[in-house]
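Visitor: I've got a fold to look over and a few things I'd like to ask. Could you walk me through it?

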Amino acid sequence: MAISIRRALASYRSISGALRATNITANRLSSSSPIRYENVTCSPQTNNFLFNCRRSFAKGRRQIREEDDDDYGNATSAVNVGPTIKATAVSQMEAAIDSLSRELAKLRTGRASSGMLDHIIVETGGTKTPLCRMAVISVLDPKTLSVNPYDPNTLKELEKAIISSPLGLNPQSDNQRLIVPIPPLTKEHVQAVCKVVAKSSEDVKQSIRRARQKALDTIKKSVPKKKDKDKSASAFSEDDAKRLEKEIDDLTKKFIKSAEDMCKSKEKEITSS
């Protein structure tokens, strides 16, 4: 079809050029000579041929534009959104697990942990700063922490912040650092901390399930509707959607199990200390 259009267009241009040259020559001769020439007329066959060429040319241009539009639409709809949906869900679930890990590190157990003091806020000169940004926290032994401030002049503020925290710790000044002994947990404290762990577990599970639901909603919106299936050549079919939904469900189970294992390990650490 395209070849026929090109041939017709070439013929049309050749004949038009010849007629135009004839008219120009006739006009020049008429202006330089008193002899009058009659207008050059074309035969009916020539007129029909020119008319058909123009129609074919216009039809060909319209067809090319439609094909370009179709190609653009197909290229747009053929994008496979599956990997993006999966990557987003994984990122959100990993963020929930990281948040749980930070929350569990804040809980006091009978064993010393450098993360126990990370959430404590120290106020110096009207500015509130996390303790972990003002000092190096290290574990001396399973029952003792060491706090070495970057600025020795802030030692009093660090000591005051640790004492006023809900951890029930009593730091002792040792030259330019603080020694923080970890006292054994009482039964009431163990029960209270275990409740906090259980609540943290439920919160992170809900966050993981929300990430799963968002992914499933996006998958549902990405599958072409029945009335649009014939018009689009989407690279994301119903089979791909079902396969991706299963992968999202497997990821959800995996991250929920990881959260449960972390909480069980923390509870064991609390009760055994």
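Visitor: Which strand does S4 pair with in the antiparallel sense?
Guide: Keep in mind that this is a predicted model. S4 covers residues 144-149, and four bridges tie it to a partner at residues 177-181. The antiparallel partner is S6.

Visitor: What stands opposite Gln172 in S6?
Guide: Start with the strands: S5 spans residues 172-174, and three bridges join it to S6, with the two running antiparallel. Look across from Gln172 into S6 and you land on Ile179.

Visitor: Which residue in the turn between S5 and S6 has a positive phi?
Guide: S5 and S6 make a hairpin, with two residues between them.

Visitor: Moving to the helix, is Ser201 buried or exposed?
Guide: Ser201 lies in helix H5, which takes in residues 187-222. Leaving out residues up to four places away in sequence, Ser201 touches Leu100 and Cys263. Its relative accessibility is 8%, and the cut-off is under 20%, so Ser201 counts as buried.

Visitor: How many aromatic pairs are there?
Guide: To count, ring centres of Phe, Tyr or Trp have to lie within 6.5 Å of each other. By that rule, the number of aromatic pairs is zero.

Visitor: And which ring does the charged end of Lys254 sit over?
Guide: Follow the Lys254 side chain to its charged end, which is 6.0 Å from the ring's centre. The ring under it belongs to Phe255.

Note on methods. Residues numbered from 1 in each chain as written. Predicted model: local features only at pLDDT ≥ 70, side-chain atom pairs only at ≥ 80, totals over all residues. Heavy atoms only, no water. Pairing = 2+ DSSP bridges. Buried < 20%, exposed > 50% of the residue type's maximum accessible area, 1.4 Å probe, protein only. Contact = heavy atoms within 4.5 Å. Phe/Tyr/Trp six-rings, centres within 6.5 Å; stacked < 30°, edge-to-face > 60°. Lys NZ or Arg CZ within 6 Å of the ring centre and 35° of its normal.
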